[in-house]
Amino acid sequence: MSQEFTIEDCAAGVRNAKPSEVRKVFAMSAKPGMISFASGMPELSSLPMDSLADITEDLMRNRGMEVMQYGASTGTDHLKAQIIELMKLEGIENAKPEDIIVTTGSQCGLDILTRVLIDPEDVILAEAPSYSGAMAVFTGAQANVVHVGADHEGLIPEELEKTVEELKAQGRRIKFLYTIPSFQNPGGTMMPQERRDRVREICDANHILIAEDNPYGLLGFEGQVGRAMRADDDNVVYLGSFSKMFAPGLRVGWTLAPSSLSKILGLQAEAAVLNPSVFGQELVAEYLEKTDWQAVLNQYRELYGKRAQALMDVFDEFMPEGVTWTRPEGGFYSWITLPESVDSYELCMTCIDRGVVFVPGTAFYTDGRGTHEARVSFCHPTEEDIRKGAEIFATALKEAISG
Ligand code: PMP
């Protein structure tokens, strides 16, 4: 006899998962013909597919038995050496291979870190708003996510200080601060160096671990690169990813953690995935070693910059009074604040009827906030579709405001 499972049959972390409306919106973004401002899918058209085919052929013909086999649980030495070089671009000069764990994307790194550190009701601090996928992991572990105020320059140190004081007064222990300092998802914001320093100081003074998530750091439109917080503090846990700068389909990311924590994360990683794909890792390592990947990245930066500009141009021209939005200098996203009278989920439904989808703001909070906010991604649609879609969005918004 087959048994129908419902959410009530599941563990508490699953029962607390995010509302199904948001899942519906993500599903709509894949509908043919829809202009999707919802997904964080990178553009892949500039990837050197011929070189990747050559690398793949070489791997299969000459190292097939190795790359098709199980591998080291924390990743290949070859890729770790490349990761160490890559992190130097953001000022991390002292990373050791044994402190790196290669993961199946940084999503897996977030999951491992959370499993290792979080008991139900533990406090995690995160920007208001913050990455929906991380919020799903944290709420799945029954963490208590406390959002800390952020503005057009990311996390606000004074707000962090205030929140920490309040939680301390309540006798609650903060397990870690989850932050995305560079080209934040969903804010699109870049945290200036002074703020990064100040946030580190506050966390250091209060013994709060920082988890720095950085998939977009190399995607500044002008090639500008922020200094990783990990560069100035070996205690920061750094999460990296090849998804946005290369190819999400390979599912390769990494964590760099203090040695003592890295050992425990390694055991958890082994329990979860045994080892990340050796083939995927070696394809990434060879790509970094044998191709002009920086030139490819420059093409993407330019392309994303043009797409962001197209979005900003339409917003500047068509957005009604009372609406504000962030002006990203890198990454994939702009965050929109709507007037209080407009519900972003309802607006999203109207836009879907007209062929445009974005993500309502509630996906980026764990506390029900975000009903008058929205994330618009400009990474995937063409400039032409961005112009069309942004005008549809602004028109629907005008109508919603005038009732
Ligand atoms: N962190 C952030 C901030 C992201 O935006 C994403 C993907 N959207 C991830 C982590 C996960 O990336 P991946 O697992 O593909 O490396």
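This briefing describes the domains, sheets, ligand surroundings and backbone features of one protein structure.

The model is predicted: local features require pLDDT of at least 70 and side-chain atom pairs count only at pLDDT 80 or more, whereas totals for chains, interfaces and linings use all residues. Residues are numbered from 1 along each chain as its sequence is written. The domain assignment gives domain 1 (7-46 + 295-402) and domain 2 (68-290); such bounds come from an automatic or database domain assignment. Helices (H or I, at least four residues) and strands (E, at least two) are DSSP runs, numbered from the N terminus.

**Domains and their interface**

- The centres of domain 1 and domain 2, taken over C-alpha atoms, are separated by 24 Å.
- In the interface, 33 residues of domain 1 are in contact with 32 residues of domain 2, where contact requires C-beta atoms, placed from the backbone, to lie within 7 Å.
- On the side of domain 1 that touches domain 2, the elements giving two or more residues are α1 (12-15), α11 (293-318), β11 (333-337) and β14 (373-377).
- Helix α11 supplies the largest share of that side, six residues.
- By class, that side of domain 1 comprises 15 nonpolar, 12 polar and six charged residues; Ala, Val, Leu, Ile, Met, Phe, Trp, Tyr, Cys and Pro count as nonpolar, Asp, Glu, Lys and Arg as charged, and the others, Gly among them, as polar.
- The UniProt record, in an unreviewed entry, places the feature "domain: Aminotransferase class I/classII large" at residues 34-391; UniProt positions follow the numbering used here, feature names are shortened, and annotations may be inferred rather than shown by experiment.
- Residues 34-391 are 42% helix and 16% strand, and their end C-alpha atoms lie 14 Å apart.

**The eight-stranded sheet**

- Eight strands form an open sheet of mixed pairing, in the order β2-β9-β8-β7-β6-β3-β4-β5; two strands pair if DSSP finds at least two bridges between them.
- Strands β2 (100-103) and β5 (154-155) stand at the edges with a single partner strand each, so one side of each is left without a neighbour in the sheet.
- Six bridges pair β3 (residues 123-128) with β4 (residues 144-151) in the parallel sense.
- Glu 127 has Val 148, in β4, as its bridge partner.
- Helix α9 (residues 259-273) lies across β2, β8 (237-241) and β9 (253-256), and runs at about 25° to β2; axes are lines fitted to C-alpha atoms, for helices over the stretch in contact, and angles run from 0 to 180 degrees between N-to-C directions.

**The four-stranded sheet**

- Four strands form an open, antiparallel sheet in the order β10-β11-β14-β13.
- Its edge strands, β10 (324-325) and β13 (359-360), each pair on one side only.
- Strands β10 and β11 run antiparallel and are joined by two bridges.
- Thr 324 stands opposite Thr 337, which belongs to β11.

**Ligand surroundings**

- Of the 14 residues around the ligand, those that come nearest are Gly 105, Ser 106, Gln 107, Ser 241 and Ser 243; a residue is near a molecule if its C-beta atom, placed from the backbone, lies within 6 Å of it.
- The shell around the ligand has four nonpolar, nine polar and one charged residues.

**Backbone features**

- Ala 128 and Pro 129 are joined by a cis peptide bond with omega of about 5°, and Pro 129 is in the loop between β3 and α6 (132-140).
- A cis peptide bond also runs from Asn 185 to Pro 186, with omega near 15°; Pro 186 lies in the loop between β6 (174-179) and α8 (193-205).
- Gln 142, a residue other than glycine, has a positive phi near 60° and is placed in the loop between α6 and β4.

Methods
Two residues are in contact if their C-beta atoms, placed from the backbone, lie within 7 Å.
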